[in-house]
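Please prepare a briefing on the disulfides, aromatic pairs and model confidence of the structure shown here.

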Amino acid sequence: LLLTLLHFQITLHHPMEVPRGRQKYFRVALNQAVIAAVKPIMMTTSKELKNYNPEDRNCYFIKEKSLKFFTIYNQPNCLYECLTEFTLENCECVGFHMQRENSTPMCSPYKERCVVDARASYLASEVNKKIQYLREMSKLKRESKFTKKRDCHCLPTCTTLDFDVETSLADWDWKTFLEVERLSDDWKEENDILLQSGSHFSRLLLYFKDMQFLTQERNELYGQTDFWANCGGLLGLFTGFSFMSALEIFYYLTLRFICNLYKFGKDYWSGSEELLERKKKSDNSTFS
């Protein structure tokens, strides 16, 4: 039973991220061989979204948000810092594995329970803050008065890299494997200690699932250019309206009106042939 509980925890993460050994890992138990197929998952963001608010695009570009203990921002590091600050506020110390300043006290084993409880309380408070934040946003955003931000507000980075892992495992008869290896010329006598009955081994084989992988891009689904283009298309389809029609309306409401007013006067500004004929007859009758 003890051997089934003993295992290695394997975590695949970006080099700039803090490993999340308790949250995202796969097991390699003793006396087992594990084969893991790794598939990278990459998300990028179009540069056209830089003008959008981070809350609207749901991510941060580089240098849009800075951290206290890390030079490069990403969501796991941000959440790690928030958990550290929450633990310091509630326990007046931080765990030995947490980032801290030289003046920050480190929790003793006596306060280990406080560190564990602080983590659970932090996760619950983040869920409550998220729910309250969404309610206030849906209520006040309609009035264009929403300016409040959450404390940590740890959004993902606009360019992220994650790994999807598919594993398969089987029991490994490592003793037979080593006995065969012992017959080879490369075997060294000091390796005989590996065949002792108290030894246990595991085997892990990692490989990329595909030679290539496709990236995903976060892009603008419906922008201002698309909006005006669709408006023009709908107007042209249903009413025969076009850009030239808009120029003609502008011409008749401004230039044509001003020119006729200057040329024919305020009483005959329309330039109608009937009105001009009446004006000509009235002018002739006046002179006669």
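The briefing below covers confidence, disulfides and ring contacts in turn.

This is a predicted model, in which local features need pLDDT of at least 70 and side-chain atom pairs count only at pLDDT 80 or more, while totals for chains, interfaces and linings use all residues. Residues are numbered from 1 along each chain as its sequence is written, and side-chain values use heavy atoms, with hydrogens and water left out.

**Confidence**
- The chain averages a pLDDT (the predictor's confidence in each residue, from 0 to 100) of 80, and 80% of the residues score at least 70.
- Over residues 142–150 the pLDDT is below 50, although this stretch has 14 contacts (heavy atoms within 4.5 Å) beyond near neighbours in sequence.
- Where pLDDT is low, the predicted coordinates should not be read in detail.

**Disulfides**
- The whole structure holds 4 disulfides (pairs of cysteine sulfur atoms within 2.5 Å).
- Cysteine 59 and cysteine 158 are joined with their sulfur atoms 2.2 Å apart, and the link is right-handed, with 85° about the S-S bond.
- This pair spans 99 residues, from the loop between helix H2 (54–57) and H3 to the loop between H4 and strand S4 (160–171); helices (H or I, at least four residues) and strands (E, at least two) are DSSP runs, numbered from the N terminus.
- Cysteine 59, at 0% relative accessibility, is buried, as is cysteine 158 at 2%, where buried means under 20% relative accessible area, exposed over 50% and partly exposed in between (1.4 Å probe, protein chains only).
- Cysteine 91 is bonded to cysteine 114 with an S to S distance of 2.0 Å, and the torsion about the S-S bond is about -100°, so this disulfide is left-handed.
- That link runs from helix H3 to helix H4, its cysteines 23 residues apart; cysteine 91 is buried at 2%, whereas cysteine 114 is partly exposed at 26%.

**Aromatic pairs**
- The search of the whole structure finds 4 aromatic pairs, meaning rings of Phe, Tyr and Trp (its six-membered ring) with centres within 6.5 Å, where planes under 30 degrees apart count as stacked, over 60 as edge-to-face and the rest as tilted.
- The ring centres of phenylalanine 86 and tyrosine 122 lie 5.7 Å apart with their planes at 55°, so the pair is tilted, and it connects helix H3 (residues 75–91) to helix H4 (residues 112–140).
- Tryptophan 174 and phenylalanine 201 are paired edge-to-face, at 4.9 Å centre to centre and 65° between the planes; tryptophan 174 is buried at 5% relative accessibility, while phenylalanine 201 is partly exposed at 28%.
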